[in-house]
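Trainee: Please walk me through the strands, helices and contacts of this model. Where do we start?

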Amino acid sequence: MDRKLIGKRVVRNEDPRLLTGHAQFVDDVHLPGMLHAAFLRSEYAHARLLKVDVSKARAHPGVVAVFTAEDMGKDWFPGPPLVSPPPTVKDVIFHSRRQVPLAKDKIRHAGEAIAVVIAESRYIAEDAVEEIEVEYEPLPVVLDLEQALQPDSPLVHDDLESNLAAWLSQKKGDYEAARRQADVIIKRRIVIERGAAAAMENRGIVAYWDAQSEHLTIWDTTQAPIPIRNGTAARLGLSEHQVRVIAPYIGGGFGPKIMMFYPEEMVIPWAAKKLNRPVKWIEDRRENFYATTQERGQIHEVEMALSRDGRVLGLKDDFLHDTGAYDPYGLTIPLNTQSHNMGGYDIRNYSSEFKVVFTNRIIATPVRGAGRPHGIFVIERMMDAAARELGMDPVELRKRNLIPPDAFPYEHQIIDQAFAPLILDSGNYKAVVDKALELIGYEKFLKEEQPRLRREGKYVGIGVVPFIETTGVGPYEGARVTVEASGKVNVTTGIGTQGQGHFTSFAQIVAEQLGVKVSDVRIVTGDTSEFHWGTGTFASRGAVVAGNAVHAAAKSVRQKVLKLASKVLEAPEEELELEDGMVRVADIPQKSISLGELAVLANPLRGAVEPGTEPGLESTSYYGPQYGATAFGTHAMILEVDPQTMMINIRRYVVAEDCGTVLNPLILEGQIHGGVSMGLGNAYYEKLHMDENGQLLNASFADYLLVSSTEMPRIEVAHLETPSPLNELGAKGVGEAGAIPVPALFAQALENAFHDRKLEVLEMPLSPNRLFELLNDVTQ
Amino acid sequence: MSNTFALTVTVNGTRYERSVEPRTLLSDFLRHDLGLTGTHVGCEHGVCGACSVLMDGQPIRSCLTFAVQAHGHEITTVEGLGTKEELHPIQQAFQEAHGLQCGFCTPGILTTVKAFLEQNPNPSEEEIREALSGNLCRCTGYQHIIEAVELAAEKMRG
């Protein structure tokens, strides 16, 4: 299709507001009479709560109220289950235990909220928190996933028989039969530990109850304003139309901002309504480490069966997944892991069961990648181990097993995170791998550069890792497109936005159809009073699912424009063209009318209207995929390690990416760069260190190291396009893609750098210290 | 608590006289007392750099500075650069090179870059990376930020 705007490097509509400090973030909301909240959080990871004495805090000057679980009375009940267990899988076990607004009787993770102080200023609220006296009875702490399942383990939830939160098994083909036919069996144990999402903006919420109109307005740093509106209405016994949730500009999401409901999201609106005053709570960075959800903790026992010529006959992966103290997010993360364990490979026999485990840690919910990096780490580590065992080039082994282009749609016969069948819709995987190899100069590096560098005493390795990313899952999103009398276009959609450039990519989609300037399309997202159907921004689905809803609505408005213009200009529709904000008769440019004039004609103030017509040039459309679109990519890097200090230098970093139709390459590349930086953090810098009592030892940015400008390499990105047949735009998601293969790639490049020392990496994240230990182990 | 200090400070060219508690952070003072919410607070322990503003032209962490320390000084925040209608060349460069995504860390980066380019109008990539190493960004992977700074330097050299 010949496209004017889709696929172009259009600069962003939203930037002038953000660049001048005029974009409103939640902490920028200021209301007359607004109070400020601060939470008292548990010092212990596991304890009985014997007594909470708030009398001194209540007497503190400037304190308006202090609430504990007891004070909430009948309004105290756990949050709703966010995702239900999959109904279609046989024998699934799922024990739903949800987080509570304020802890009662028992503490299940360090940082769990116990009481909230509401005061005239945040300074006073924090002073008064210090005056709350709590009596705890500390309990033995559950942290280790394997020990947690031992019969003598202390219990996170006393009413359960064990710390098993869930169990699920999925099979494709017959792994045992494949194993019997195999020439080679590879077995490994793989451990992946926790990290933080660490959006630059912490969470926050402002709630304002207008008692006269009986209307509640909430500003929330959420990726899912509509479910927050509906759930808040249900909690407070209000109509959904009495609640408006606004997710304004959000300072990065990366997953945890779609966790629902956080204790603060249950407490703050309730308190604002009770006190009849606006209340603001803004998380600080330390709280973010203790109270915002995290991800990544899993232990895998993997087995791969291969033939001597390098065909993967089967894969078996049984794993434990750490859900933390509660499991409101259901099985999304481990199901994603199960869905990515076979990567982009044609593996006919697969068996995987997982156990989800309660621990005394913060709740685990998706963080950019959401279980996918684990699956890719597992399969790619096994591929490398197999290549060594078979004496085969690791890239050649991968190529022999890639799903061929004529095998799509490729059915995996298991279900994915959306409980839909895991079907890879389309792709040309080998072409993407070849592109990455060409850009990184794979052969030349191995044959010429690496031996030369090694002679110079340098440890430099290469890695090449292909991966899939399931994206764009259901259920649906919607959008409303309106041409206004000014000729400008307004678009509203229900999803939230956290920096992905939706104000521009959606505008491009609309401008493409209506022939207006991208800057003349105003996008409204994340305000339930503007659009109240939809689910939220997760699973790399914004551009795919909301994008296609916007596309459908824009096309429908285009039809209305053509129909009306045809009447006004007395010309057949097929002779009309939409350009520069005008509808013109092709070849007779003087016969034209502006979109704004048409919008006025479509909404007359007087006169008769034909029965059955709708006013205005407006249309609302929805898009819901049958199953998700799956993107594919390959990352390659050349990594140098200083063998004395273990400091690294990434000499080259290459990404070949096929996410279907590219809407805006500038935005796409930005998404990939950011994903890679988070992936490098997951590989070498970002590990949450916890002591034996369940206390974080590095809960600050001084100790928990995010990748900074001096560690990031320059990234070269190449695009290949295999449009998805599942949606009209042909789009596949890309939001999480950058982060997914990086730990696997990093491990491979390290092993390649130290190939003469037989280093094997089976854990993530590493660190310079840990790499030093691993190298010492293999040397001895 | 009633112990307050009579503060006089110039912010973005406007002189303000306010009475503040000595413990009030400069970041809170700018954001909540003056309503200049463009300065963002990301960590409140001086690492992330989102709250960076200029004091007498030099970048400082406003979350690690008490408002009273700004007494008699000149502060420049992001609101003091350009306007939406007329962006500062650094802001233009950030839009053109896609040097921001969520935009939360951006105000601190813009003020840091302003001071940096005034001292070093023709920086190398290495120097730019070094200059930005005290500003964390979780969205961009820094590449487009670095390209934006290169472009801004070019624009400002004219």
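**Reading chain B**

Mentor: Start with a strand pair. Strand 1 of chain B and strand 2 of chain B run antiparallel, joined by 7 bridges. The model is predicted: local features need pLDDT of at least 70, side-chain atom pairs count only at pLDDT 80 or more, and totals for chains, interfaces and linings use all residues. Residues are numbered from 1 along each chain as its sequence is written, while chains are lettered from A and ligands numbered from 1 in the order in which they are written.

Trainee: What counts as a strand, and what counts as a pair?

Mentor: Strands (E, at least two residues) and helices (H or I, at least four) are DSSP runs, numbered from the N terminus. Two strands pair if DSSP finds at least two bridges between them. Strands of a sheet pair through backbone hydrogen bonds, either parallel or antiparallel. Here, B:Ala6 has B:Ser19 in strand 2 of chain B as its bridge partner.

Trainee: How many residues lie between strand 1 and strand 2 of chain B?

Mentor: The two form a hairpin with 2 residues between them. In the turn, B:Asn12 has a positive phi of about 50 degrees.

Trainee: Which sense does the pairing of strand 1 with strand 5 of chain B take?

Mentor: Parallel: strand 1 (residues 5-11) and strand 5 (residues 74-76) of chain B share 2 bridges. B:Val11 is the bridge partner of B:Ile75. B:Thr10 stands opposite B:Glu74.

Trainee: What is the strand order of the sheet in chain B?

Mentor: The order is 2-1-5-3-4, in an open sheet of 5 strands with mixed pairing. Strand 2 (14-20) and strand 4 of chain B stand at the edges; each has a single partner strand, so one side of each lacks a neighbour in the sheet. Neighbouring strands are turned by 40 degrees against each other on average, direction ignored.

Trainee: Which strands does helix 3 of chain B touch?

Mentor: Contact first: two residues qualify if their C-beta atoms, placed from the backbone, lie within 7 Å. Helix 3 of chain B packs on the sheet, touching strand 3, strand 4 and strand 5 of chain B. Its direction makes about 35 degrees with that of strand 3 of chain B.

Trainee: At what angle do helix 2 and helix 3 of chain B cross?

Mentor: Axes are lines fitted to C-alpha atoms, for helices over the stretch in contact, and angles run from 0 to 180 degrees between N-to-C directions. The axes of helix 2 and helix 3 of chain B cross at roughly 125 degrees and come within 10 Å. Angles under 35 degrees count as roughly parallel, over 145 as roughly antiparallel, 65 to 115 as roughly perpendicular and the rest as oblique. Helix 2 and helix 3 of chain B are therefore oblique to each other. Helix 2 of chain B supplies B:Ile90, B:Gln91 and B:Phe94 to the contact, and helix 3 of chain B supplies B:Thr106, B:Leu110, B:Val113 and B:Lys114.

Trainee: How many residues of chain B are in contact with chain A?

Mentor: 44 residues of chain B are in contact with 43 residues of chain A. Helix 2 (89-96), helix 3 (106-119), helix 4 (125-132) and helix 5 (143-157) of chain B each give two or more residues to the side of chain B that touches chain A. Helix 2 of chain B has the largest share, 4 residues.
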